[in-house]
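Trainee: I would like a close look at one part of this structure. Please take me through it step by step.

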Amino acid sequence: FKKIQAKSSKPVQQTDRHWLFAEPKLSDVRGEGFEALSESFLLLKRMTPYHSAALFEYDAETRLAYPRIYSTASDGFRKDALLSVSDGVVGYCLSSGKVVHYADFNGDARLLGYYSSPEEIRSVIAMPLDRTDRRIGALVLDSKSPDAFSPKTEEIRHVANLLSELLVRVQ
């Protein structure tokens, strides 16, 4: 892949959001970068069964993140969510730069920041996506099974590193 300089921040447009698997042909004006991101989500799905997976893109100027690419089995997933660094698991992951892992989550899924209705979420993992000296987003997976991600944390981390490279490409 070629390294491409990230452009300055831009307002979030609805057309910048993509729901995976919604159309038979995945496409994007940025071409191969989006296809590679899509393939990465398919790889995650094969590695570990998740209920929802989302790549939240982070804008350091506004300190907001939104789901750039996501795959979910939920009608309550907030596809238009704009999360600040003080909102839920995603916000904490973005502000602290730490991996957040709840092996046995027992709270209301709305506390995660990206659900609008109750879900029976039992495990959550959020990994920051960094590129050189800046935070560019977070990868978040959740599952209806307890401890769904512990055995695969290292593999998920590798996919998160790949996603950070690809996210820069499609920005």
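**A look around phenylalanine 77**

Mentor: Start with phenylalanine 77, which is buried, with a relative accessible area of 4%. Keep in mind that this is a predicted model.

Now look at the rings. Six aromatic pairs are counted in the model. In one of them, the ring centres of phenylalanine 77 and tyrosine 114 lie 5.6 Å apart. Their planes meet at 55 degrees, so this pair is tilted. An angle over 60 would have counted as edge-to-face. The two residues come from distant parts of the chain, 37 residues apart. Phenylalanine 77 sits in the loop between β3 (64–72) and β4 (83–84). Tyrosine 114 sits in the loop between β5 (100–102) and β6 (123–131). Both phenylalanine 77 and tyrosine 114 are buried.

Phenylalanine 77 also pairs with tyrosine 115. Here the centres are 6.1 Å apart and the planes stand at 90 degrees, so the pair is edge-to-face.

Step back to the group. Phe56, Tyr70, Phe77, Tyr114 and Tyr115 form one aromatic cluster.

Phe56 leads us to strand β2. Eight of the eight residues of β2 are buried, so the strand is largely enclosed by the rest of the structure. Which residues point which way? Ser52, Ala54, Phe56 and Tyr58 point one way from β2. Ala53, Leu55, Glu57 and Asp59 point the other way. In a regular strand the side chains alternate between the two faces of the sheet.

Next, the partners of β2. Strands β2 and β3 run antiparallel, joined by eight bridges. Across from alanine 54 is tyrosine 70, in β3. The hairpin of β2 and β3 has four residues between the strands, and arginine 63 there takes a positive phi near 60 degrees. β2 also pairs with β7, in the antiparallel sense, over six bridges. In that pairing, glutamate 57 has glycine 137 of β7 as its bridge partner.

Finish with helix α2, residues 88–96. Its buried residues are covered by elements including β2 and β3. Among the buried residues of α2 are Val89, Val90 and Leu94.

Note on methods
Residues are numbered from 1 along each chain as its sequence is written. This is a predicted model: local features need pLDDT of at least 70, side-chain atom pairs count only at pLDDT 80 or more; totals for chains, interfaces and linings use all residues. Side-chain values use heavy atoms; hydrogens and water are left out. Rings of Phe, Tyr and Trp (its six-membered ring) pair if their centres lie within 6.5 Å; planes under 30 degrees apart count as stacked, over 60 as edge-to-face and the rest as tilted. Buried means under 20% relative accessible area, exposed over 50%, partly exposed in between (1.4 Å probe, protein chains only). Contact means heavy atoms within 4.5 Å. Two strands pair if DSSP finds at least two bridges between them.
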